[in-house]
Amino acid sequence: MHLPSIYDEAYHRYRHFPLEALQEQVERESRRALLWVTESKERFLASRDWSTLRVLECGGGLGGLSLHLARLSADVSLVDVAPTALEVARRLGERTGLKVKTECLDLGRPVESKLGRFDIIVDSHLLHCLATPPERASYHQFLKDHLATGGIVI
């Protein structure tokens with residue numbers, strides 16, 4: 001089985017969860033990540049208001065952190081290799097009225113993307129999943145290609 005398929009299969013069980021309970025779960029589980037991101041933003045981009053920031057979450061799965069950041073008024077995009085996770089993340093965003101753009105990409109392979117540049121890029125536990133030097137090199141190139149001047153990778 002191809003590795004992206006394994007990740008996608010892991011999210012199939014969430015398709016039928018009640019959205020309210022799932023939203024509570026993913027937001028609760030991402031609170032520490034939110035604290036980490038907000039502390040980093042205040043340290044390195046303190047002069048910028050959230051509403052002026054473009055944020056990209058890489059490997060964010062169901063999008064709990066992305067939902068938190070959208071609630072702060074950031075322009076948020078979520079990239080993951082699992083289409084099922086992104087489908088559920090979109091449904092959660094629709095349920096809450098929060099806009100999170102989603103893109104299904106395997107960042108362990110060279111990718112062409114028109115996502116643009118971001119002020120904050122968050123690695124949501126993706127790098128440790130990329131086990132080989134070529135996978136990591138592809139991801140690092142993606143980060144370089146998408147980080148805005150003066151932006152930060154968290």
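Predicted model: local features only at pLDDT ≥ 70, side-chain atom pairs only at ≥ 80, totals over all residues.
**First stop: valine 100.** Select valine 100, which belongs to strand β3, spanning residues 100-104. Valine 100 has a relative accessible area of 15%. It counts as buried because the cut-off for that term is under 20%.

**Second stop: the neighbours of valine 100.** Now display the residues around this side chain. Leaving aside residues up to four places away in sequence, valine 100 is in contact with Ser66, Leu67, Ala70, Val76 and Leu78. For a contrast, select threonine 132: this residue is 32 residues from valine 100 along the chain, and their C-alpha atoms are separated by 30 Å.

Return to one of the contacts of valine 100, Ser66. Serine 66 sits in helix α4, which covers residues 64-71. Is serine 66 buried or exposed? Serine 66 is buried, since its relative accessibility is 0%. Its own contacts, again without residues up to four places away in sequence, are Glu57, Val76, Ser77, Leu78 and Val100.

Select residues 75-80, which form strand β2. How do β2 and β3 pair? The two strands run in the parallel sense, and five bridges join them. The chain passes from β2 to β3 by way of helix α5, residues 83-96, and this β-α-β crossover is right-handed. To finish, select aspartate 80 together with cysteine 104: aspartate 80 stands opposite cysteine 104, which is in β3.

Definitions and conventions: Residues numbered from 1 in each chain as written. Heavy atoms only, no water. Helix = DSSP H or I, 4+ residues; strand = E, 2+ residues; numbered from the N terminus. Buried < 20%, exposed > 50% of the residue type's maximum accessible area, 1.4 Å probe, protein only. Contact = heavy atoms within 4.5 Å. Pairing = 2+ DSSP bridges. Right-handed = clockwise from strand over helix to strand, strands pointing away.
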